[in-house]
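Try each task before reading its solution.

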Amino acid sequence: MAQALLKTVTEPVYPLRPAAKHKVLSVRGLGKAWTPQQRVLDEINFDLHAGELVAVIGRSGAGKSTLLHMLNGTIAASEGAIVNYRDGSEHQDVTRLSRGEMRQWRSECGMIFQDFCLVPRLDVLTNVLLGRLSQTSTLKSFFKIFADSDRARAIELLQWMNILPQALQRAENLSGGQMQRVAICRALMQQPNILLADEPVASLDPKNTRRIMAALQQVSEQGISVMVNLHSIELVHNWCTRVIGIQQGRIIYDGAPSGLTEALLQRLYGDEINQIDH
Ligand SMILES: Nc1ncnc2c1ncn2[C@@H]1O[C@H](COP(=O)(O)OP(=O)(O)OP(=O)(O)O)[C@@H](O)[C@H]1O
């Protein structure tokens, strides 16, 4: 066990599930209008499978963040369905969950953000343990009372992300790359089936970007579906198994990164084409 705990991000050690390719989510006719005049997403249809690492790309304002937040239930859909699966069968429409069901769904569908969303004054270990919030009573969390098994898992995750030495430091004292690694550990604490990452490398240097993308790849290889909003086509080619391209609120490409032609990129990005790595 001690040996296992000493492995780093090159070799994941967190409790794994067998890799599988079954369907975990089916998005059907999804749309979002902020106001009747401001539609951002229209007729969004795709299936998500276990073990995929899917990039979502498109120019600024295309609706990438809105889409991820809708999958996670933090933004309400205007129309359409997001069907999740359990044991190979359709289970629920995420757009119609009760408050309690939504809490459960958010623990199955973890999310990380560009600005990390850690609690600055709390130490790293506690921030990671807060990933168990949906399964722990608020009072216990307030007094930092967590099960030994949760602490062991948090430590294992921090070791995996090579950030265990900082476990007792306040989150506010970490670098951006370190904060994002902690945010990934926190999201994985709830043992999600799906991990959504909203521009997780936007503010990171190349070394930390590689680290985060490698971690997301490892997570996907364990059978968790990962969807990540990216602004770099180079990262899509280097790390992702599939890419969804959104233009003016509609999917205009869903397939292998190798199918992204210059003409498609031009359609997706228009005059922003020179601002992206490709
Ligand atoms: N809460 C909100 N209320 C009204 N409009 C919003 C809200 N959130 C986002 N929008 C608008 O929805 C559109 C899509 O925004 P979104 O953040 O999803 O785009 P994005 O593709 O993620 O962009 P970026 O790459 O710049 O992050 C934008 O026009 C944005 O201004």
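**Exercise 1.** What percentage of the 278 residues in the chain is buried?

*Solution.* Keep in mind that this is a predicted model. A residue counts as buried if 20 or more other C-beta atoms lie within 10 Å of its own. Buried residues make up 38% of the chain. As for its elements, the chain has 10 helices and 10 strands.

**Exercise 2.** Find the residues that surround the ligand, then sort them by class.

*Solution.* Start with the list: Trp34, Val40, Gly58, Ser60, Gly61, Ala62, Gly63, Lys64, Ser65 and Thr66 surround the ligand. Next, sort them: three are nonpolar, six are polar and one is charged. Gly counts as polar here. Finally, look for the element that gives the most to this shell: helix α2, residues 64–72, with three residues.

**Exercise 3.** Describe how helix α6 (residues 148–160) and helix α7 (residues 176–189) cross.

*Solution.* Two packed helices are described by the angle between their axes and the distance between the axes. For α6 and α7, the axes come within 9 Å and cross at roughly 140°. The crossing is right-handed. Now turn to the residues: Arg153, Ala154, Leu157 and Leu158 in α6 meet Cys185, Leu188 and Met189 in α7. By class, this contact has six nonpolar residues, one charged residue and no polar ones.

**Exercise 4.** Among contacts between residues at least 6 apart in sequence, what percentage joins residues at least 24 apart?

*Solution.* Begin with the contacts in the chain between residues at least 6 apart; of these, 71% join residues at least 24 apart.

Definitions and conventions: Residues are numbered from 1 along each chain as its sequence is written. This is a predicted model: local features need pLDDT of at least 70, side-chain atom pairs count only at pLDDT 80 or more; totals for chains, interfaces and linings use all residues. A residue is near a molecule or strand if its C-beta atom, placed from the backbone, lies within 6 Å of it. Helices (H or I, at least four residues) and strands (E, at least two) are DSSP runs, numbered from the N terminus. Axes are lines fitted to C-alpha atoms, for helices over the stretch in contact, and angles run from 0 to 180 degrees between N-to-C directions. A crossing is left-handed if the near helix is turned anticlockwise from the far one by less than a right angle, and right-handed if clockwise. Two residues are in contact if their C-beta atoms, placed from the backbone, lie within 7 Å. A residue is buried if 20 or more other C-beta atoms lie within 10 Å of its own, exposed if 12 or fewer, and partly exposed in between; C-beta atoms are placed from the backbone.
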